[in-house]
Structures are given as C-alpha cells and as structure tokens.
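Biologist: Let us take a close look at one part of this protein. I would like to hear about its charged side chains and their pairings.

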Amino acid sequence: MLDEMEIRKKLIDFEARFGRSGKIDVYYAPGRVNLIGEHTDYNGGLVLPFAIQQGTYLLIRPSDLPPARLYSDELGLEARVMTPDITKKNDWADYVRGVYMYASEVVCGEIPPFDAMYFGDLPLDSGLSSSASLEMATALGLGSLDCRLSKEDAVKVCRRAENDFVGVACGVMDQFTVAFAKERHAILLDCDTLDYRQVPYNLKDTVLVVGHTGVRRSLTDSDYNKRRRECAEALSLLSAKIEAKRNLSQLTIKEFEGARWSIPDTLALRAEHVIYENVRVEEAARCLETGDPETLGYLLNRSHESLRDLFEVSSFELDTLQEISASQPGVWGCRMTGAGFGGCVIALVKEDALERYLGRVPGLYWKSTHCDAGFVVTTPGEGASMLEIL
Ligand code: GLA
C-alpha cells in the first residue's frame, strides 16, 4: 500500500488538474493472487485467492456538469464519460464507464457526473486483477456520488461491466476477492453458490513470492473467451452422455472418466483440468489452515502442469520462470497465477531461502528468455474500502 504522504501529494495533483472546490474522497481496492483454482470460477468450481498489498487508489469528487473527467496517473491518460449516455471507447476507462452505467441502471438511477483520478502500485495486465481493482474502486467510489452499493451489488455490477461492457467473459473470482478479502486469510469460494469461508493463512517460516515474467497480457485479445466456449461445449456433450449438469464442477471424477471417451480430445483435456483442479483446491485450503507448505507446494506444481498441458493457458516465459523457481533449494512449489498467457507466477519459498532465490532466479530467467522478471513478496491483505486521509 502507498503511505499517507504519497496519497496527500496526489490530492494536491488532483486539485491542480481539476480545480479546488469540495471535499475529495479516497478509495482503495487491492489486486489479488490466486493460490490455486485456476479457470474453475466460470465452471462453477472452487478458488482460493487472497488480496495482495498492492492496489488501485481513486480520488473522486462530484462535479456540476457532464462529461465526467477521468485521469489515470499511471498511464498519464485522460478520459471522459459522457453521462448519462455512455458508450464504449476501447480504452482503459471502459472499466469505469461500464461500472458507472450498470450501477446507475441496476441500483442507483441517475448518478451525477464527477472528477476522478486513479493511481496505484499494482502492475497492469499481469494476472493480478488490475481490472477488477479498477472496477471495484470505482464501484465503491460511487458512494461519494450518492450511489452506495453493498459489496454484493458492487461485485455484480463490476462483473457485468467486464463481461458485457468491456467484453471479457471473466468469472466472479477477481471481483469477489477484491471486495471481500480479509487480512491474513485466503478466501475459499464456491463459485457456483458464492458460499465462502475465510481460511486462516497459517504458513510459518514461508513466504509467497509473486514473480512477474515481464510479459504483459491482455484478456481481451487472448484465448480466454475461447477456453470458456470450450468448457461450455464439453459440459453440454458430457451432460448429454451422463445427465444434465449445471457446470463442469458438478461432475465427479468417476462420471467424467467414464464419459471422457465420448467427447473430442481437446475438450476432454479442458474438462479434466477443471475437475481435478477443484480437488486440489480443497486440499490446498487444508494445507493453508494446518500449516503444511510442503503439500501445498506439491499442489501448486501439479496445478501448473495441468494449466500448461491440459488447459494450455501457460506461455514459454511462465513455464521457464516456474521451472527455474520450482527447482531452487527451499522452494516448496510454484505455478502461474491468474488467467495465464503471460503475467505472473507465485512461488512458495522457505523464509531462509528467500535471499538465495532472489539472488539466483532473475539471472537464470534472463539467460533463457531475455526478459527481465520482477519479484515482490506478498501477504494476504484487506479488501476494498474508503480510506480516511486526514
Ligand atoms: C481471470 C478472470 C477470472 C478467472 C481467472 C482464471 O483472472 O478474471 O475470473 O477466470 O482468469 O482463473
């Protein structure tokens, strides 16, 4: 998180840009890592994510006349939202436009225009949910415009903004985590029912390192939506063979193995990943709670292999960083996190092996890929909220 001094400086920048008038409110929404349970959310499965210590900040103040004016300090880009007739512009501000539009349509009615400035310390397009973080900061920020959303409604509005406005058919994991995360816990979420449990993060003498491959990825032009379609197709073929199921996660391993021969190979591999990944998530939650990094590390490695070989959403750089990491002394396990196609890995590392890990891995990775990797150690942080800056 940024310290208060940095946020105060941004308040000065805000006034320099938009002028001095009423009170400016400050909101924060974190990014997240997913410990395990990848590409299961839109298949009604289990996930085990937590919020990280980096995120998106929003400074917001109502204004008198449309258009709403936005500024992203990180991108150095301005944007506008023409209220109340909102149209997509294919730029970063579409996430904001989508949230504004659905919040007003579904919950709040007409919302006044506003001035807003976004900044933060979360790398973009890295599989750390920068988009959900931007959406959630916006959704909570609408509270300063007389549009107060419950966290449940905020999750729905943000997801709809991403699915229907931006056009990425993401599941519910990111928005849910960013809203409901709790310090020192991971969330075990059933994405079919939205039942969840805060699982205590009890790993001792072990740190979680987020390693960025240096390769950005964008879900709007990745195969993400294609994977969703493949899963839907696998579900409908398997349902026809066995019995109607709401989603792939409802199939038991036995049912799946008995019927996999009846569907095309590629679809069977996609379904296999989802069905077995759910089992790994349940075991991982137990490891987290009982403090068993060794088994957890084993599960991370298996999950990575499955995403690489069965679901095929990894990349050369992710595989290289995973392999180098997992083979270092004192590393329990490592896997890609998030959608894949670039972005980050997470590595579970013994505390006393961390220095050696950070000393060796960047060089080895560069030798193989000629990319610069970046590393940060993270612990589970709090979900989105309004901040009191005095
Ligand atoms: C992205 C999506 C999530 C989820 C992951 C893969 O982060 O936004 O909903 O599908 O990919 O697990």
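Predicted model: local features only at pLDDT ≥ 70, side-chain atom pairs only at ≥ 80, totals over all residues.

What is the relative accessible area of Glu4?

Modeller: Residues are numbered from 1 along each chain as its sequence is written, and side-chain values use heavy atoms, leaving out hydrogens and water.

Glu4 has a relative accessible area of 37%, so Glu4 is partly exposed.

Glu4 has a partner. A salt bridge joins Glu4 to Arg8, with the closest N and O atoms 2.9 Å apart. The term asks for a side-chain nitrogen of Lys or Arg within 4 Å of a carboxyl oxygen of Asp or Glu. Side chains of opposite charge can pair when their charged atoms come close. Both residues sit in helix H1 (residues 4-18). A helix here is a DSSP run of H or I with at least four residues, a strand is a run of E with at least two, and both are numbered from the N terminus. Glu4 and Arg8 are four residues apart in H1, so about one helical turn separates them. Arg8 has a relative accessible area of 33%, so Arg8 is partly exposed.

Now move along the chain. Lys23 and Asp25 meet through their side chains in a salt bridge of 2.5 Å, N to O. Lys23 counts as exposed because its relative accessibility is 60%. Asp25 is buried, because its relative accessible area is 12%.

Glu272 forms a salt bridge with Arg260, and the closest N and O atoms are 2.9 Å apart. Glu272 lies in helix H8 (residues 265-290), while Arg260 is in the loop between helix H7 (253-259) and H8, and the two are 12 residues apart. Glu272 counts as buried because its relative accessibility is 18%. Arg260 counts as partly exposed because its value is 23%.

Salt bridges can also join up. Arg227, Glu230, Arg270 and Glu312 are linked in a network.

Glu388 is placed in the segment after strand S13 (385-387). Its relative accessibility is 59%, so Glu388 counts as exposed.

Methods. Buried < 20%, exposed > 50% of the residue type's maximum accessible area, 1.4 Å probe, protein only.
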